[in-house]
Amino acid sequence: MSKKIVELLLKDHINALVERGIRRDGRGLHDYRDIEIISETATHGDGECWVKLGKTQVVTGIKVDIGPPYPDTPDKGVFVVNVELLPLASPTFEPGPPGPESIEIARVVDRAIRSAEAIDLEKLVIKPGELVYILFVDIYALDYDGNLFDAATLSAVGALSKTTIPVVHLDEEGNITADPNERFKLELKSKPATVTMVKIGKKLVVDPNLEEEQVADGRITFGVKEDGKICAIQKGPGSLSIELVEEAARIALSKYEFLSAYYG
Amino acid sequence: MPIFVEKKPDKLISEDGTRIDGRKPDELRPIEIEVGVLERADGSAYVKWGGNRILVAVYGPRAAHPRHQAIPHEALVRCRYDMAPFSPSTDRKKPGPDRRSIELSTVIEEALKPVIFKEMFGGTAIDIFVEVLRSDAGTRVAGITGASVALADAGIPIRGLVTGCSVGKVGDFIVLDPGHEEDMWGDGDMPVAFFMETGEVTLLQADGQYTYDEFQRALKLAYEGCKQVYELQKKAIIEKYEKLKLEGEIDEQENS
């Protein structure tokens, strides 16, 4: 009961501040928290990126594998996005197979990258119809203080842009040989970002932290890319007016330049 | 389908005891421990040990869920050891628990339980999450080493620190802290952990074959290794609180 009261008081307080264009941590309504890309090698991935978005931390590791293509796309490589909300990252995350929350994040990140046509999947074919590269994009939430969507996209695209792929030779008998030092760089045709906003009262707030997420009345995420196009949309809980959705799209597009600077 | 097959090196150790990575038989790999690296966890640590990168978080004492697991007269201590899909130097590991990680979770739990004042927190749970981001042999002992400082960081009453270190057998040599190649192709691996205050053993496993004399030497070498790691653990905890103290002093100056 007392918890409910505190939550309501906090909600009123945050609402009142946002109404005046202020946030509890001193940011403007459309400002991101500080972003930091940690450069040390923390995984054994073929590409990796550890992102700190305020106090939210996400690390992505890419593992390149080989295998048969999907039957309906015999001349295309495969990429798979997986998100793990580790119980280490929050008292509310529990061990077990991926739940709806982590699947939603994985699918939104996947959609932004796929729709942006960031990866030229046709270049990831070793022998059409038989052997292609499979890129596993494993996104690990390490510390959850709000807005995992944008942290996950930054970290996934950041890791892909640093990925190198081993050159695989396939002889006529089907034997596979590869030299660990012979690699080619994964070229990205686009480096999309996602911009997540929540509705607090009647206003949109960019990059919500945990308490803002908890008191918000709605959530929306836009995937955006370098040519000023939208490449994914996901509305979360709550409802938003058409005007607010349009405003959200404009804000998202205006944030691409800022976010893409972290892709290096 | 695996792209690479790792090849066994011609020689893991030379006659004079120089190891494949250039170390002497009784030499540890470089180790760094950082305490309090996560915001949400009650206690946390990041361990860099050779090529290993391990993140540990401790939550609790907190309400035990599911309720039927709770023990009325003491805290339920649970550990989850997990390897990230991108942590092995070889193929991707499928996410989620497997037989190995379930066993390691249990032995890590048993290695830490003896030092925790469980009796003070009946009905609650203390959760320890060991996340291997990059693996390079000896992850369980590095995990235990990190978990024990994370427990201290969480302010959970403990009798003292638990410190882990592996020893291995390579040919006729007993070596401290086996590396990746020694772990893969050596003749035995013996992970050990001690409650350093008393010298009691809280983790002991081994594969490979040892004479009694070799076993005795291995255990002694593990203890010598743990003594060095123990100093690093204490230093890491002190460093965090020195930093807090410094921040506190700055705040005080600004306010006065």
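This is a predicted model: local features need pLDDT of at least 70, side-chain atom pairs count only at pLDDT 80 or more; totals for chains, interfaces and linings use all residues.
Residues are numbered from 1 along each chain as its sequence is written, chains are lettered from A in the order in which they are written, and side-chain values use heavy atoms, with hydrogens and water left out.

| Cysteine | Closest cysteine sulfur | Distance |
|---|---|---|
| Cys49(A) | Cys231(A) | 17 Å, too far for a bond |
| Cys226(B) | Cys165(B) | 5.1 Å, too far for a bond |

Cys49(A), at 4% relative accessibility, counts as buried (under 20% relative accessible area, 1.4 Å probe, protein chains only), and Cys226(B), at 0%, counts as buried too.

Turning to the interface, 35 residues of chain B are in contact with 41 residues of chain A, where contact means heavy atoms within 4.5 Å. The area buried between the chains is about 3,200 Å², with carbon and sulfur atoms giving 62%; buried area is the accessible area (1.4 Å probe) that two parts lose on being put together, summed over both. In chain B, the residues that lose the most area to chain A are Ile3(B), Arg40(B) and Phe86(B), together 25% of what that side buries.

Between chain B and chain A the count is 4 salt bridges, each a side-chain nitrogen of Lys or Arg within 4 Å of a carboxyl oxygen of Asp or Glu. Lys55(A) forms a salt bridge with Glu39(B), their closest N and O atoms lying 3.8 Å apart.

Notes. A disulfide is a pair of cysteine sulfur atoms within 2.5 Å. Buried means under 20% relative accessible area, exposed over 50%, partly exposed in between (1.4 Å probe, protein chains only).
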